[in-house]
Amino acid sequence: MKEIWEKARSLKAAIIADRRYLHQHPEIGLDLPKTCNYIRRRLDEMHIPWKDHVEELPPKLTKDFIEAGFPSMTRATGITATIGHGGPCILLRADMDALPIKEENDLPFASANDYGHMCGHDSHVAMLLGAAAILKSMESKLAGTVKLLFQPGEETGAGARLMVQNGILKDPEVDAALGIHIHSDKPVGEVTYSKGVNSASLDTYIVKIRGRGGHSSAPHQCIDPLMIMNQIYQAVNLLVTRETDPEAMVALTCGVARGGTAVNIIPETAEVHIGVRTLNIEAREHLKKRIPELVDGYVKAWRGTYELTCFATPSTYSDSDFCDQMLPFIREIAGEENVHICPPMKGTEDFGYITQQVPGMYLCLGDGAPGAAPLHNAKMMLREEAFCEGAALYANCAVQWLKLAAGKAADASGTFFRKKSGEDCGLHEKNGCGQEE
């Protein structure tokens with residue numbers, strides 16, 4: 001552990017330089033060519049072999065993302081790199097996309113465009129590159145393989161899913177995974193985690209309603225899509241109060257409701273966007289069934305037609321046994337007094353697509369102070385004081401867990417037995433439209 005901490009501290013300038021470059025050149029969505037080019041160059045400098053993961057998007061998915069407010073995207077681009085040889089294999093993940101938020105900080109390395117790394121993903125990449133340098137210097141001591149994942153499109157809710165589809169958990173086969181998210185409003189160096197479900201799922205429904213437009217003085221000749229939209233808005237909000245357990249955490253928000261151009265015109269179309277977050281799997285499954293039913297019923301009752309686009313991201317699940325294995329390695333770096341269990345976060349994290357397949361753990365790392373501008377805020381700012389700790393956490397957890405897992409594999413006649421978290425917690429999902437994710 002001491003060796004890893006010393007190596008991490010020696011890399012402080014490089015980690016900060018990586019973070020500042022990425023912060024100044026943010027990209028959003030699933031296709032991140034400049035970010036990927038930078039990561040490839042840095043891995044080449046460290047003599048670490050890497051592989052591109054390019055997943056072509058079906059035309060409908062490209063269209064759906066445009067409907068949700070993202071730019072036109074035809075592919076997802078990610079990178080994996082490997083250090084070490086043989087099994088077992090642990091995956092360390094960093095997401096690398098920015099947000100469509102224009103930064104409002106006066107920094108010499110502030111974003112050079114209208115996007116911003118206001119969720120800290122630039123620091124995730126920088127910390128993982130720092131961990132890569134540490135692990136490469138210790139490669140001969142590794143008791144297996146560390147796979148690094150630089151993942152696009154976390155903010156789309158689908159980046160991890162597309163990378164899993166592209167085979168990032170294969171060749172070599174991944175046995176466990178660790179993810180870290182930095183926070184600007186938590187004390188510097190504080191590490192928090194949850195066991196079991198530790199982030200909310202998110203289901204999004206984009207409802208585009210078509211009626212028949214006309215003059216406001218002759219509503220009987222029209223089909224009013226605004227009235228239909230309003231009834232759907234009320235119905236889905238009432239649904240939460242009447243058909244979900246009051247003890248279940250459910251946050252339903254209609255973030256978009258629009259249509260019409262003038263007071264004397266009944267418009268042809270209207271639309272409403274509904275987002276549902278929950279930590280309760282039973283409540284989620286019920287709402288995924290009922291919201292499309294309500295939409296269909298209200299639109300048809302008033303003789304309209306509609307198009308429904310659905311996005312779904314599952315909860316992230318931290319495997320309890322894997323957490324217990326990792327905690328000593330986390331405390332070695334962060335200090336026992338700085339590591340705390342906490343309630344599940346209400347935000348959504350697509351790392352859940354990975355923890356459906358292999359045991360995983362998700363950590364939150366503080367690099368700010370309570371009361372500071374939070375994530376997804378135009379003034380969110382990191383102190384750059386916890387980056388070395390993040391790199392050391394990634395590296396120490398990988399090194400120590402590989403030793404532990406290799407020992408268990410040897411005790412089991414050379415076979416490492418993996419438990420798939422998704423099978424245990426029921427998190428394998430279909431989206432709100434009944435399609436496999």
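Tutor: Two strands pair if DSSP finds at least two bridges between them; strands (E, at least two residues) and helices (H or I, at least four) are DSSP runs, numbered from the N terminus. The model is predicted: local features need pLDDT of at least 70, side-chain atom pairs count only at pLDDT 80 or more, and totals for chains, interfaces and linings use all residues. Residues are numbered from 1 along each chain as its sequence is written, and side-chain values use heavy atoms, with hydrogens and water left out.

Student: What makes S10 and S12 paired strands?

Tutor: DSSP must find at least two bridges; S10 and S12 (residues 269-278) have 9, in the antiparallel sense. One of the bridges joins Cys254 to Ile274 in S12.

Student: Why is one side of S10 and of S13 left without a neighbour in the sheet?

Tutor: The open sheet of 4 strands has the order S10-S12-S8-S13, with antiparallel pairing. S10 (250-259) and S13 (305-313) stand at its edges with a single partner strand each, so one side of each has no neighbour in the sheet.

Student: Which strands does helix H8 touch?

Tutor: Contact means heavy atoms within 4.5 Å. H8 (residues 281-301) packs on the sheet and touches S8, S10, S12 and S13.

Student: Which residues of H2 are buried?

Tutor: Buried means under 20% relative accessible area, exposed over 50%, partly exposed in between (1.4 Å probe, protein chains only). In H2, Ile15, Ile16, Asp18, Arg19, Leu22 and His23 are buried. They cover an arc of only 160° around the axis (taken from the directions from the helix axis to the C-beta atoms), which puts them on the same side of H2.

Terms used: Axes are lines fitted to C-alpha atoms, for helices over the stretch in contact, and angles run from 0 to 180 degrees between N-to-C directions.
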